[in-house]
Amino acid sequence: MNPTRHFVTLARYNAWATARLLDAVAAVDDDDYRRDIGLFFKSIHGTLNHLLVGEQLLWFRRFAEGVSPRLALDDEAEPDRARVAERLLQGAARWQPLVESWPAERFDDVLRYTTTRGQPATLPFAATLTHVFNHSTHHRGQITAALTQLGQPCPELDLVYMLQQEAR
């Protein structure tokens, strides 16, 4: 398996699924968007903010810049709804060029960073990158469940749908 191709596919999928989810979320009125509906981060807004913090402000910076900001996972990085969506789309688009810039042997290395609690950590690079994309998938799934609960249509977000779309 070519690790670069594999992770480029995951980065493309992450951007594709994020865009589709945000299109669906745009139809939700602001009260429902911000209401505590029982998600881990309470609301759709809270969950999208968590994705912004985790995927972009923590993990992207760890992978791209080698820095580990001290942020809480439930920080509201962006109170404005339109700006959250914009930043998530822009951030998701940055992963593919980053992944493409790494030599193949980088995926066999480790990632050294500092946790949000200030502890040094060393984890396998490829497995940790997999975590980043898997984590986003997990929270997108929570939001699609919330959309269903709110009576809104949900997009199909499975990876195979992206692959089928690309094949057409």
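**Salt bridges and their surroundings**

Guide: Arg106 is partly exposed, as its relative accessible area is 23%. Please keep in mind throughout that this is a predicted model.

Visitor: With which residue does the side chain of Arg106 meet in a salt bridge?

Guide: In general, side chains of opposite charge can pair when their charged atoms come close. Here the partner of Arg106 is Asp109, with an N to O distance of 3.3 Å. Asp109 counts as partly exposed, because its relative accessibility is 41%. Elsewhere, salt bridges with shared partners link Asp30, Arg34 and Arg81 into one network.

Visitor: How many salt bridges does a search of the whole structure find?

Guide: The search finds eight. One of them joins Arg34 to Asp30, whose closest N and O atoms are 3.1 Å apart.

Visitor: Where do Arg34 and Asp30 lie?

Guide: Both residues belong to helix α2, and a spacing of four residues, about one turn of the helix, separates them. Arg34 has a relative accessible area of 35%, so it is classed as partly exposed. Asp30 is also partly exposed, at 38%.

Visitor: How is the salt bridge between Glu86 and Arg83 to be read?

Guide: The closest N and O atoms of Glu86 and Arg83 are 3.0 Å apart. The two residues are separated by about one helical turn because they stand three residues apart in helix α4, which covers residues 81-101. Glu86, with a relative accessible area of 38%, is partly exposed. Arg83 is partly exposed as well, at 33%.

**Backbone and burial**

Visitor: What is the phi value of Lys42?

Guide: The general idea is that most residues other than glycine have a negative phi. Phi of Lys42 is near 70°, a positive value in a residue that is not glycine. Lys42 is placed in the loop between α2 (30-34) and α3 (44-65).

Visitor: Is Ala146 buried or exposed?

Guide: A residue is called buried when its relative accessible area is under 20%. Ala146 has a value of 1% and is therefore buried. This residue is found in helix α5, residues 125-149.

Visitor: Which residues are in contact with Ala146, leaving aside its neighbours within four places in sequence?

Guide: With those neighbours set aside, Ala146 is in contact with Ile37, Leu39 and Ile44. For Ala146 and Trp59, the separation is 87 residues in sequence and 25 Å in space, C-alpha to C-alpha.

**Helix packing and a surface patch**

Visitor: At what angle do the axes of helix α1 and α6 cross?

Guide: The axes of α1 (residues 3-25) and α6 come within 10 Å and cross at roughly 100°. Angles of 65 to 115 degrees count as roughly perpendicular. The two helices are therefore roughly perpendicular to each other.

Visitor: What else may be said of Tyr161, which lies in helix α6?

Guide: Helix α6 spans residues 159-167. Tyr161 counts as partly exposed because its relative accessibility is 34%. Together with Val160 and Leu163, Tyr161 forms a nonpolar patch on the surface, and the three residues have about 240 Å² of accessible area together.

Key
Residues are numbered from 1 along each chain as its sequence is written. This is a predicted model: local features need pLDDT of at least 70, side-chain atom pairs count only at pLDDT 80 or more; totals for chains, interfaces and linings use all residues. Side-chain values use heavy atoms; hydrogens and water are left out. Patches are made of residues with over 30% relative accessible area and no salt bridge: like charges are joined within 9 Å, nonpolar side chains (Val, Leu, Ile, Met, Phe, Trp, Tyr) within 5 Å. Accessible areas come from the Shrake-Rupley method with a 1.4 Å probe; for residues, only the protein chains shown count as cover. A salt bridge is a side-chain nitrogen of Lys or Arg within 4 Å of a carboxyl oxygen of Asp or Glu. Buried means under 20% relative accessible area, exposed over 50%, partly exposed in between (1.4 Å probe, protein chains only). Axes are lines fitted to C-alpha atoms, for helices over the stretch in contact, and angles run from 0 to 180 degrees between N-to-C directions. Angles under 35 degrees count as roughly parallel, over 145 as roughly antiparallel, 65 to 115 as roughly perpendicular and the rest as oblique. Contact means heavy atoms within 4.5 Å.
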